[in-house]
Amino acid sequence: MWIELVCFIVANASLAALFSIVLYFVVVRNPSTKLAYLTGFGLFLPFWIFAPKVLCSFCDLQNKIFSFCVCVVTPNVSIFRITEAIFGFTPEYAKKSLSSFALYFASPMYLVYDKKSDKFLKVGWTKVLWHLQRFVGFLIFTGLLQSLFTLSSFFPSYGQGTPSNWYHISEIFNPVMWKSSILYAILFQFYLATFGEGLSFVTTLITRRQVVAMMNNPIFGSNSPAEFWGRRWNSLIHTCLKNGVYKPVRKLGGSREMAVLASFVASGLFHEWILPVVIFDHDGPVPGTTSLFFVWQAMLISLEYTVGHWKIVSNITKSLPGLVKTGLVILSGAPLGHWFCDGYVNSNFFVHGHIGLMALLPLKDE
């Protein structure tokens with residue numbers, strides 16, 4: 001599975017590199033022009049929006065994890081790198097030359113750029129092997145963690161279809177559902193950390209350039225919603241949304257709160273787009289609920305921006321132990337967390353993860 005997955009990711013990156021040639025001359029060098037708007041929104045974006053569905057059907061991809069990695073990473077990153085190019089927010093180092101932009105656009109991970117030397121930071125074999133070791137470590141740990149979901153009654157089940165009461169309003173206030181959502185989120189975090197390290201290993205191996213870490217222990221290390229989403233959870237998508245949505249909204253005159261809301265709405269919409277492509281044999285989730293989860297997160301961050309600087313709030317925040325603040329961050333996402341989780345936990349997404357993670361499964365009675 002892993003070798004085939006690497007081959008598909010390299011093929012996707014190669015396609016993105018070819019695609020970047022046209023994008024560079026048409027949009028990157030002509031930002032915020034009619035040409036950029038017409039070709040960007042009318043041609044380049046639709047290509048990456050519809051390409052994953054065509055690819056899944058053409059290759060007859062059945063494994064949900066495989067489909068997620070192949071049809072989401074490069075297309076999703078490409079979509080937001082196109083919008084950032086349309087509005088003129090492609091990083092300066094990536095616009096220096098066609099080769100610089102092709103490397104930037106094709107890489108599934110963000111490469112570390114050193115402003116002093118005006119070059120991407122190179123890495124040796126020691127760093128490449130370090131990423132490989134971390135990938136194997138996450139692979140083993142995530143497999144053991146998922147094993148608990150199948151071997152212990154304390155952990156919720158998955159892959160059994162959406163329960164009839166999943167979207168009842170009462171479940172928003174159900175502590176048992178909160179616990180399940182938190183445990184699902186922990187498992188999903190380690191899935192992303194595992195595949196993030198895998199992408200880091202492949203990217204450093206091929207480009208011999210240093211990459212930006214994808215995950216930074218968001219669930220157990222965040223002291224506020226803004227820190228969770230802004231500095232710890234999926235830095236790859238965070239940077240894409242910052243350059244491709246947040247900055248354009250600000251450029252068009254939107255407030256900081258409006259730009260945050262737009263970024264989270266965009267995040268919700270691309271998650272709504274992901275699920276039909278990857279989880280094509282699952283009836284859930286209810287359309288719009290994933291987006292509402294992200295709108296709720298935007299409201300929390302906007303509230304933090306609004307009252308966080310108040311003296312009384314600042315004093316209370318400083319007096320709280322870090323563990324308490326982390327717990328409050330986790331609890332703030334729990335009430336609507338199951339709306340986000342539905343497409344993953346109630347489909348065969350985690351079931352298909354057994355193959356790559358070497359998770360332990362109970363023996364079935366014959």
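Okay, a quick definition to start: nonpolar here covers Ala, Val, Leu, Ile, Met, Phe, Trp, Tyr, Cys and Pro, charged means Asp, Glu, Lys and Arg, and the rest, Gly among them, go down as polar. With that, the lining of the largest pocket in this predicted model splits into 36 nonpolar, 9 polar and 2 charged residues.

So, that pocket. There's about 960 Å³ of space in it. Its lining has 47 residues, and the ones closest to the centre are W233, N234, L236, I237 and H238. Helix α6 gives the most to that lining, with 10 residues.

Next, the second largest pocket, at about 540 Å³. Here 18 residues do the lining, with N223, S224, P225, E304 and T317 nearest the centre. By class you get 9 nonpolar, 6 polar and 3 charged. α12, which is 311–319, puts in the most, 5 residues, and α11 and α13 each supply at least two.

Of its 23 lining residues, A185, I219, F228, F293 and G333 sit closest to the centre. Which helix gives the most to that lining? α13, with 10 residues. And charge? None: the lining is 18 nonpolar, 5 polar and no charged.

Last bit, the packing. The largest nonpolar core has 100 residues, and L23, I82, Y344 and F350 touch the most other members. Helix α3, residues 64–86, brings the largest share, 14 residues. Take L23: skipping neighbours within four places in sequence, L23 contacts V28, F44, I82, F101 and F105.

Note on methods: Residues are numbered from 1 along each chain as its sequence is written. This is a predicted model: local features need pLDDT of at least 70, side-chain atom pairs count only at pLDDT 80 or more; totals for chains, interfaces and linings use all residues. Side-chain values use heavy atoms; hydrogens and water are left out. On a 1 Å grid over the protein atoms alone, a cavity is a set of points where a 1.4 Å probe fits but cannot get out, and a pocket is an open set with protein on both sides within 12 Å along at least five of seven lines; lining residues have an atom within 4 Å of a point. Helices (H or I, at least four residues) and strands (E, at least two) are DSSP runs, numbered from the N terminus. A nonpolar core is a set of buried Ala, Val, Leu, Ile, Met, Phe, Trp, Tyr and Cys residues joined through side-chain atoms within 4.5 Å. Buried means under 20% relative accessible area, exposed over 50%, partly exposed in between (1.4 Å probe, protein chains only). Contact means heavy atoms within 4.5 Å. Grid points are joined across faces, edges and corners, and a volume is the space filled by probe spheres set on the points.
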